[in-house]
Amino acid sequence: MILGCVADDFTGASDLANTLAQGGMATTLYAGVPEAPAAEGVQAGVVALKSRTIPPAEAVAQSLAALDWLQAQGALSFVFKYCSTFDSTDAGNIGPVAEAMMDATGAARALVCPAFPGAGRTVYQGHLFVGDRLLSESGMENHPLTPMRDPDIRRALARQSRGPVGHVPLSIVERGPAAVAEAMAAETQAGRRLIVADALTDAHLIDLGAAAGRDTLITGGSGVATGLPGVFLAQGLISVSRARWEGVDGPGAAVAGSVSRATQAQVAAHRAAGFAARTVTPEEAMAQGDGGPLADELADWAAEQWSRDPAAAPLIYTTADPEAVSAAQARHGREALSARFESLTGAVAAALLARGARRLVSAGGETSGAVVAALGLRAMAIGPEIDPGVPALKAEGRPLALALKSGNFGGPAFFAKALAALGKP
Ligand SMILES: Nc1ncnc2c1ncn2[C@@H]1O[C@H](COP(=O)(O)OP(=O)(O)OP(=O)(O)O)[C@@H](O)[C@H]1O
Ligand SMILES: O=C(O)[C@@H](O)C(=O)CO
């Protein structure tokens, strides 16, 4: 293994694995810290954690356990992947995990760049933008767990870190890798070891990769890894590998527990296109305890759609608009409701597989973590990109192709497009 990656959520891990695989690295996505060694030939290993919103000390402990395993596989370079909208609070977890990983690897510094131009996320003057809006006016200011009200990443990071934060502005990034390397060395010298870099385009990210790709640790959204395969290739550490992708054929379905804007549009578009869709209300979910009959009822409903039309693409969703979500959280408690929805969605996914599903789309980071855990998946191979940041995946040792979609990723027709990319009915 050349590159070891720790990701703070499952869809983010699949986003990063996509970048590395499309760059030509033989990449495997691991659900949690594996117990067994990596298979022969894996050049990039991405360990998916569910550590974005857990207490900082736990996030640090889990990330260091993942790091240990990656080091044991031979990796000497590391990426810490967080969200391209920098999802975190003043308590963490980006600063604490980045600093702990620097300490554990002996890294002198760590580049910090959440930019992902393909998904509209750019960094300019240390400020993060989503499309033409500052992060703090992008809708992320209302995020239920990690409201992002300060678009200045340098300030946001400094509040959750022990050490001071440095910056490499666009004027330097525009001058190319040598200028960036010089500026990063100056920041490190001055004791600013977490270094935010501006980036507006993939070309900027490739230059950042050329400047920092030999560093022990870099951190960011998936975009920060754009230049890495090229760096490893130039060093002769890898040869480009493109495993042939074959999907898995059989019944397909989508489950959505994401309440993000893009998912809302995708649910509406799937319905409007005439696909079968069933919603689950908070009351239905809360009315039954864990392990109640609802998951089986929903999976039976999906199986009925397949028996009528093998090409059916049934969707089961809890997605609702922000007002409905807030009202439901006030009625049932945010954590209790999320926990119940997540265990239900995981149970639905397992029940779908038991009824023969071979292609599965899951929308939402937390939701996908619950789905992957309920299915007991351990490792996934990376296939072609479906939409920016979302690859087709294949479960190792199981006849299942899947797509794990971050809340705000994917075009309106994503569910149907993804199911078609995963295989035939
Ligand atoms: N109708 C609803 N009301 C309240 N909570 C909901 C509802 N539907 C889903 N949830 C919960 O909201 C959370 C959504 O988080 P999730 O990470 O899955 O999606 P997201 O935030 O849109 O995606 P991402 O993290 O990839 O951006 C989950 O815990 C889910 O169970
Ligand atoms: O970086 C992103 O935006 C995504 O991979 C993600 O982590 C969203 O949860």
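Where is the place of Q125? Q125 sits in the loop between β6 and β7. The model that shows this is a predicted one.

## A loop and its sheet

Q125 has a phi near 55 degrees, which is a positive value in a residue other than glycine. Most residues other than glycine have a negative phi. Is Q125 buried or exposed? Q125 has 12 C-beta neighbours inside 10 Å, so it counts as exposed. The cut-off for exposed is 12 or fewer.

β6 and strand β7 (residues 127–130) run antiparallel and are joined by four bridges. Which residue of β7 stands opposite V123? That residue is L128.

Next comes strand β3 (residues 44–48). How many of the five residues of β3 are buried? Five of the five are, so the strand is largely enclosed by the rest of the structure. In a regular strand the side chains alternate between the two faces of the sheet. In β3, A44, V46 and A48 point one way. G45 and V47 point the other way, and the residues of both groups are all buried.

Strands of a sheet pair through backbone hydrogen bonds, either parallel or antiparallel. β3 pairs in the parallel sense with strand β1 (residues 3–7), over five bridges.

| Helices | Angle | Axis separation |
|---|---|---|
| α6 (residues 177–189) and α7 (residues 202–212) | about 55 degrees | 8 Å |
| α11 (residues 294–308) and α13 (residues 334–354) | about 45 degrees | 8 Å |

Take α6 and α7 first. Their angle is about 55 degrees, and that makes α6 oblique to α7. The crossing of α6 and α7 is right-handed. On the α6 side, the contact is made by P177, V180, A181 and M184. On the α7 side, it is made by D207, L208, A210, A211 and A212. By class, this contact has eight nonpolar residues, one charged residue and no polar ones.

Now take α11 and α13. These two helices pack at about 45 degrees, and they are therefore oblique to each other. The crossing of α11 and α13 is right-handed. Which residues of α11 meet α13? They are L294, A295, D296, L298, A299 and A302. Their partners in α13 are L344, A347, V348, A351 and L352. The residues of this contact divide into ten nonpolar, no polar and one charged.

## A buried leucine

L360 lies in strand β15 (residues 359–363). This residue is buried, with 26 other C-beta atoms within 10 Å. The cut-off for buried is 20 or more. Which residues does L360 touch, not counting those up to four places away in sequence? L360 touches A253, A349, L352, L400 and L402. One of these, L352, is also among the α13 residues that meet α11. L200 gives another reference point for L360. The two residues are 160 residues apart along the chain, and their C-alpha atoms are separated by 34 Å.

Last, look at the loop between β4 (77–81) and α3 (94–105), where N93 lies. Most peptide bonds are trans. A cis peptide bond, however, joins G92 and N93, with omega about 5 degrees.

F86 lies in the loop between β4 and α3 too. The phi of F86 is near 55 degrees, again a positive value in a residue other than glycine. Is F86 buried or exposed? F86 is buried, with 23 other C-beta atoms within 10 Å. Q125, by contrast, counts as exposed.

Methods. Residues are numbered from 1 along each chain as its sequence is written. Chains are lettered from A and ligands numbered from 1 in the order in which they are written. This is a predicted model: local features need pLDDT of at least 70, side-chain atom pairs count only at pLDDT 80 or more; totals for chains, interfaces and linings use all residues. Two strands pair if DSSP finds at least two bridges between them. Axes are lines fitted to C-alpha atoms, for helices over the stretch in contact, and angles run from 0 to 180 degrees between N-to-C directions. Angles under 35 degrees count as roughly parallel, over 145 as roughly antiparallel, 65 to 115 as roughly perpendicular and the rest as oblique. A crossing is left-handed if the near helix is turned anticlockwise from the far one by less than a right angle, and right-handed if clockwise. Two residues are in contact if their C-beta atoms, placed from the backbone, lie within 7 Å. Ala, Val, Leu, Ile, Met, Phe, Trp, Tyr, Cys and Pro count as nonpolar, Asp, Glu, Lys and Arg as charged, and the others, Gly among them, as polar.
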